[in-house]
Amino acid sequence: MTAAYLRRALGDKVSVTLVESKRIKTIGVGEATFSTVRHFFDYLGMAEHEWMPRCNATYKLGIRFENWREKGHYFYHPFERLPVVDGFPLTDWWLAKQPGPRFDQDVFLMSSIVDNERSPRFLDGTLFEQEFVERAGDPARTTLSEQSTQFPYAYQFDASLLADYLCEYATERGARHVEDDVLDVVRDERGWISHVVTKEHGDLTGDLFIDCTGFRGLLINQALEEPFVSYQDTLPNDSAVALRVPVDMEKRGLRPCTTATAQDAGWIWTIPLYGRIGTGYVYASDYCGPEEAERTLREFVGPEAGDLEANHIRMRIGRTRQSWVNNCVAIGLSSGFVEPLESTGIFFIQHGIEQLVKHFPDAGWDPGLRSSYNTAVARVMDGVREFLVLHYHCAARADNAYWRDAKTRALPDGLAERLEQWRSKLPSTDTIYPHYHGFEPYSYLSMLLGLGGLELKPANAVSLMDDSRAADEFRRIKDLSHDLVKRLPSQYEYLSQMR
């Protein structure tokens, strides 16, 4: 991703060399994203009909949370901003009037579309979302900071296939691809990296070194000795076991979402790709061992798990204190990672790359650029950490030690105060985590209403106001949902046509 983006953004003004070991595999389970990833593909000029079939990609309209409130209960966190009626989000009106049993179906279009496995596009390629206008021809090169409207979907894909596709993209545009093992990282008298020593290609020098070595942090943590700030005190899930499950998608159907199903010591992700399911159990090793986790996952998948090889992963949860040190910038897992509950791993990569371009150094190496970059990256990760802690702290489920402990575990600075505010007034732009972290107030509202562990009430004024316009809005959403479910093709039908 980094090599491809830098070649697209900076062209021939810089030379890019990607050093990649043949022996060390990528983790390859980062298969889900959220909707801002469209900026990445648009920036590179990559059209869906070109890259999606190559990467077995599917659409993701949100996340389905199962069993977080109680077993058998589910709700959606969609990519959809809330309608506002007479100055109040529709969630206030829903709490006051209770027009139906499921808030997500009553205030969002996306829930019914996902339940019925519809595609977000009609067969002619037209987007169902009326308010989002797509530009014809060459897409605009926009970044995360230009996200003014909510794009209605993200993607799910085979991460290894996408990496191969982007490698082709980057090398075709002039990036040098060196397949070799790095034996040593050499620093000069200032402590800056002067070169890396490779097994077959000798010394590789450069001005700027980008550490994409994953949890190892070979450059940033090992060579430059930058410390790692752990999030484990607030997010205890530190392990995962994953399976790639071949399935007949025509028979099974393709639900356009990622599913997060709560378990006794964490949760299981289910990501439908074209031709297989990516699934894994994210768990806390203090509550569950790897053998029990793998057994739980196989039982969850059923006979299709068969003799499939399981991939066990130990996760480093937290962030490197400073992601840019001297002439080294950490991108991806070497920079930081929270558990994959909201599919933020690839978002962190995208954000880090975009910020690097916005803060790109010249020969003077202005320290102000480095400082500004580190602040932006740290704030994004700290904000996502806070949002994920909310998922556990506010889940009504409390049927074992893991879920009970989630209610008493330490909270990140500021979250306890915000939770207290939300008891009196629902989350708004002014009362969520104050710095950019990819999530908007509607995401907080979706989770709090769905999880059920925090007592919420509508704004007092709503009960005193005329509710006729709100009733009209609830009817509009219901009618439009029914209409779209009838007219949109299934996701399987649409993607099969694309292929």
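L449 sits in helix α15, which covers residues 441–451; helices here are DSSP runs of H or I with at least four residues, strands are E runs of at least two, and both are numbered from the N terminus. The model is a predicted one, in which local features need pLDDT of at least 70 and side-chain atom pairs count only at pLDDT 80 or more, while totals for chains, interfaces and linings use all residues. Residues are numbered from 1 along each chain as its sequence is written, and side-chain values use heavy atoms, with hydrogens and water left out.

Back to L449: is this residue buried or exposed? L449 counts as buried because its relative accessibility is 8%, where buried means under 20% relative accessible area, exposed means over 50%, and partly exposed is what falls in between (1.4 Å probe, protein chains only). Setting aside residues up to four places away in sequence, L449 touches R69, T91, W94, L95, F103 and L456; a contact of this sort means heavy atoms within 4.5 Å. From L449 to P152 there are 297 residues in sequence and 20 Å in space, C-alpha to C-alpha.

F65, in strand β3 (residues 62–66), is another residue tucked away from the surface: with a relative accessible area of 0%, F65 is buried. What does F65 touch, not counting residues up to four places away in sequence? The list runs H73, Y74, F75, H77, A260, L341, E342, H391 and M447. W269 is 204 residues from F65 in sequence, yet the two C-alpha atoms are 9.6 Å apart.

Y43 belongs to helix α2, residues 38–44, and counts as buried because its relative accessibility comes to 9%. Once neighbours within four places in sequence are left out, the contacts of Y43 are Y5, R8, A9, R141, T142 and T143.

L183 gives a contrasting picture. This leucine is part of strand β9 (residues 182–187) and counts as exposed because its relative accessibility is 58%. Beyond its neighbours within four places in sequence, L183 is in contact with V197, T198 and K199. S481 lies 298 residues from L183 along the chain, and their C-alpha atoms are separated by 57 Å.

Now for the helix packing. Two packed helices are described by the angle between their axes and the distance between the axes. Helix α1 (residues 2–10) and helix α7 (residues 159–172) have axes that come within 8 Å and cross at roughly 35 degrees; the axes are lines fitted to C-alpha atoms over the stretch in contact, and angles run from 0 to 180 degrees between N-to-C directions. The α1–α7 crossing is left-handed, meaning that the near helix is turned anticlockwise from the far one by less than a right angle. On the α1 side, the contact uses A3, A4, R7 and R8, and on the α7 side L166, Y169 and A170. By class, the contact residues are five nonpolar, two charged and no polar, with Ala, Val, Leu, Ile, Met, Phe, Trp, Tyr, Cys and Pro taken as nonpolar, Asp, Glu, Lys and Arg as charged, and the others, Gly among them, as polar.

Most residues other than glycine have a negative phi. Q98, however, has a positive phi near 45 degrees; its place is the loop between α4 (90–97) and α5 (103–107), and Q98 is partly exposed at 44% relative accessibility. E117 likewise has a positive phi, near 55 degrees, in the loop between α6 (110–115) and β7 (154–156). E117 is partly exposed, at a relative accessible area of 25%.

How many cavities of 30 Å³ or more turn up in a search of the whole structure? The search finds three, a cavity being a set of points on a 1 Å grid over the protein atoms alone where a 1.4 Å probe fits but cannot get out.

Note on methods: 1 Å grid on protein atoms, 1.4 Å probe; cavity = no way out; pocket = protein on both sides within 12 Å on 5 of 7 lines; lining within 4 Å. Points joined across faces, edges and corners; volume = space filled by probe spheres on them.
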